[in-house]
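Here are a few notes to read alongside the model. Keep the viewer open and check each point as you go.

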Amino acid sequence: MSLMLAQISRKVLRATSVRCAASQWRLVRNASTEPSPAEQPAEFYDIIIAGGGMVGTTLACSLGKNPRLADRRILLLEAAAGFKPPTGQSYSNRVSAISKGTHRLMKTIGAWSHIEATNRVKPVLKMQVWDACSDALITFNYDDMAENISWIVENDVLLASVYRQLEGLDKVQIRYSSKVEECSLIRDGAAMSTVRLANGERLSCELLIGADGYNSLVRKAMAVDNFTLAYNQMGVVATLKLGPGAANNVTAWQRFLPSGPIALLPLSDDMSSLVWSTSVTEAKQLLQLNEPSFVAAVNEAFNKTYPRNNIIDDVTKNITSLISSTTGQKLEPAPAIEAVIENSRAAFPLGLGHTSTYVGQGVCLIGDAAHRVHPLAGQGVNLGFGDVQCLTDTLADANYSGLGLNNLSQLVRYEQERLKHNVPVLLTTHGLQQLYTTDFAPIVGLRSVGLTITNALPPLKKFLMNYAMS
Ligand SMILES: Cc1cc2nc3c(=O)[nH]c(=O)nc-3n(C[C@H](O)[C@H](O)[C@H](O)COP(=O)(O)OP(=O)(O)OC[C@H]3O[C@@H](n4cnc5c(N)ncnc54)[C@H](O)[C@@H]3O)c2cc1C
């Protein structure tokens, strides 16, 4: 009954909105026979998602496929001119380490089979993380986890697979070259949220979702506080060819240098993806180097001996030797890099961000629009995909029970659920970034002992890994 009433009131709302807009339009039409997009009635969608990156596009698909939202029309607005699915064999330099939660979501929406069919997804069976300023290391093995630790997928491969799932979903429309330039939210006194596109066109909706990245316009329209911190670091990415002897490339490597972490993520048996977080100055220099010098710099970063403190070395050596005698874990060298793929180098600014609230009446935020983290723990987009799953469930329940899509108490449920997961990950990632971007001896000592002891306690290790990659 409540569902029926909700559907009737929705139809009335929609009809009224189009009628009001249409009568304004008729008035305008008397003056001119060719109305501009701004003069036309605002077309109504139940849900408008601003931003068609990995998170926004996956949300469109997840909502579109949910049977409890079958009566809802969804519009995805993306500023870019279009999306070109990856072709050929060359790997993109933008990749993500995908968590188990993301893997589950991709399976639920049917995209995982496409991702697998591309043969461009590499399971990570082992991970080695170590400190350049001491002997401290931690390893995670397939055996410890009894499942893959994560999967490495190119962002474009993931997006292309989600797009395949959107094909034939008539209730989801995608519009490219559709930059949202202005948002009027329900709390501004309007009955619905309205967006204005760069071409002047206006669109209205019951729920506006900001998936428009860390500079989110939707967030700005919400006028909420947004905490930001620039790390004054850039993430240098590149696609690398490994040297001979690197067969069975199933390990993710991360070494914490005093300037920031450098990571190697497996793409295939002989290719890996680089994410090197470093100072802005060094990042710019790395982009300028010729290819052989860049390869030499990467190899050096993984192997160079940094100045050591004898006391820290003694303490960690004692703990390490104790552990090695019981677990047999020793530091393994990362594979040697043979070449960098032409034009695969790029650098991205790194920062932290978190908004004071994810939701408002008829509006909510997901993905980087709500939270931004340093890539050292490979969590950014995984948090966004967690938002997707939670928001889908929340909206499906709200719609099924006739509460409507812009019901604030329902949206607050989504916010509370996600804050519980996102904030600890954000704080831990920031803490690690701070802890490791120094060679100050007492801090090096503290973190080395902590890492070494964590490595010695498999249940703790498993708990941390499962939490991070769930
Ligand atoms: C070097 C590096 C490595 C990373 N590695 C990992 C990793 O291994 N694992 C992981 O989980 N995360 C990783 N991340 C983080 C991850 O890339 C981001 O969290 C993720 O891309 C955020 O996705 P999003 O869809 O929320 O935002 P975005 O990717 O920023 O997408 C936003 C979209 O909105 C569009 N848009 C913006 N404004 C408007 C507008 N006004 N109107 C319409 N459209 C608009 C943009 O064109 C864009 O397509 C990494 C990040 C970096 C920098």
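Helices (H or I, at least four residues) and strands (E, at least two) are DSSP runs, numbered from the N terminus. Residues are numbered from 1 along each chain as its sequence is written. This is a predicted model, so local features need pLDDT of at least 70, side-chain atom pairs count only at pLDDT 80 or more, totals for chains, interfaces and linings use all residues, and side-chain values use heavy atoms, with hydrogens and water left out.

1. Start with the ligand's shell. It holds 30 residues, the closest being E78, A97, V180, D368 and V381 (near means a heavy atom within 4 Å). At least two shell residues come from each of helix 2 (54-65), strand 3 (95-98), strand 17 (346-355) and helix 11 (380-400).

2. Now look at the ligand's oxygen atoms. A backbone N or O atom of V381 sits 2.8 Å from one, and for V55 the distance is 3.1 Å. A polar backbone atom of G380 is 3.3 Å from an oxygen atom of the ligand. On its own the ligand has 1,000 Å² of accessible area, and the protein covers 83% of that (Shrake-Rupley method, 1.4 Å probe).

3. Over to T429, in helix 12 (residues 408-436). Is T429 buried or exposed? T429 counts as buried because its relative accessibility is 3% (buried is under 20%, exposed over 50%, partly exposed in between; 1.4 Å probe, protein chains only).

4. Who are its neighbours? Leaving out residues up to four places away in sequence, T429 touches V373, H374, L376 and A377 (contact: heavy atoms within 4.5 Å). A polar atom of the T429 side chain also lies 2.6 Å from the backbone oxygen of V425.

Definitions and conventions: Polar contact = N/O pair within 3.5 Å; in protein donor to acceptor, adjacent residues only side chain to side chain.
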